[in-house]
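Hi,

Here is the structure I promised to pass on.

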Amino acid sequence: MKTYHAKPGEVEREWVLIDATDQVLGRVATKAAQILKGKHKPRYTPHVDTGDFVVIINADKIRVTGTKAASKSYYRHSGFPGGLKSETFTEAMAKHPERVIEHAVKGMLPKNKLAKVQLTRLRVFAGAEHPHTAQQPQVFEIEQVSQQAK
């Protein structure tokens, strides 16, 4: 039996819609990264971009568990001395909730040239409206994990 390797010309891309309302940030990001990489397909090949398009709506309604809302920080540096800037999760959600999800998904993609191409197929919107209804995205359900006292 021969091993099958997908070729870039024969990859069929679909559109997937994820609703982030009351979902945990990490769970949404892992599912989005898997779909962007194409690991949900039987024709997955690690060195070929076989992933689908992902549209995430209601990014402003995503949540984190525990005390991460106050303690999770995002850093950036301008390159100049004293140019380190930081903001907490709540500050970032107030200013730009789309970037929070994009940052989480980017960290879960491979650190190579494919990641840049795969990240271009991620579309994140703060509200419920998105301009990709013409592509007829399939709704992807993420299971809610109940929190039990242990």
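Arg13, Asp49 and Arg121 are linked in a network of salt bridges. By salt bridge I mean a side-chain nitrogen of Lys or Arg within 4 Å of a carboxyl oxygen of Asp or Glu.

Before going on, two notes on where this comes from. It is a predicted model, so local features need pLDDT of at least 70 and side-chain atom pairs count only at pLDDT 80 or more, while totals for chains, interfaces and linings use all residues. Residues are numbered from 1 along each chain as its sequence is written, and side-chain values use heavy atoms, with hydrogens and water left out.

In the pair Arg13 and Asp49, the closest N and O atoms are 3.7 Å apart. Arg13 sits in the segment before S1 and Asp49 in the loop between H1 and S2, so this pair ties together parts that are 36 residues apart in sequence. (Helices are DSSP runs of H or I with at least four residues, strands are runs of E with at least two, and both are numbered from the N terminus.) The side chains of Arg121 and Asp49 also meet in a salt bridge, at 2.6 Å from N to O. That one links distant parts of the chain, with Arg121 in the loop between H5 and S5 and Asp49 in the loop between H1 and S2, 72 residues apart.

Are Arg121 and Asp49 buried or exposed? Both are buried, where buried means under 20% relative accessible area, exposed means over 50%, and partly exposed is in between (1.4 Å probe, protein chains only). Arg13, at 34% relative accessibility, counts as partly exposed.

The whole structure has 4 salt bridges. Another of them joins Asp52 and Lys41, with the closest N and O atoms 2.8 Å apart. Asp52 is buried, with a relative accessible area of 1%, and Lys41 counts as buried at 18% relative accessibility.

**Around His40 and Lys37**

Asp52 has a further partner: a polar contact of 2.9 Å joins its side chain to that of His40. (A polar contact is a pair of N or O atoms within 3.5 Å; within protein, one must be able to donate a hydrogen and the other to accept it, and residues adjacent in sequence count only if both atoms are side-chain atoms.) His40 is in the loop between H1 and S2 and, at 41% relative accessibility, counts as partly exposed. Setting aside neighbours within four places in sequence, His40 is in contact (heavy atoms within 4.5 Å) with Gln34, Ile35 and Asp52.

Lys37, in helix H1, is one to look at. Apart from neighbours within four places in sequence, the contacts of Lys37 include Tyr44, Thr50, Met108 and Gln118.

**The nonpolar cores**

The largest nonpolar core has 28 residues, and Ile18, Leu25, Val54, Ile56, Ile101 and Val105 have the most contacts inside it. (Such a core is a set of buried Ala, Val, Leu, Ile, Met, Phe, Trp, Tyr and Cys residues joined through side-chain atoms within 4.5 Å.) At least two of its residues come from each of S1 (15-19), H1 (25-37), S2 (53-57), H3 (89-95), H4 (97-108) and S5 (122-124). H1 gives the most, with 7 residues. A second, separate core of 5 residues includes Trp15, Leu17, Phe53 and Ile57.

Helix H4 has a buried side made up of Pro97, Val100, Ile101, Ala104 and Val105. Seen down the axis of H4, these residues fall within an arc of 125° (taken from the directions from the helix axis to the C-beta atoms), so they line one face of the helix. The face turned away from that side carries the exposed residues Arg99 and Lys106. Among the elements covering the buried residues of H4 are H1, S2 and H5 (113-119).

Asp22, in the loop between S1 and H1, has a positive phi of about 55° although it is not a glycine. Gln136 has a positive phi of about 50° and is not a glycine either; Gln136 is in the loop between S5 and S6 (138-140).

Cheers
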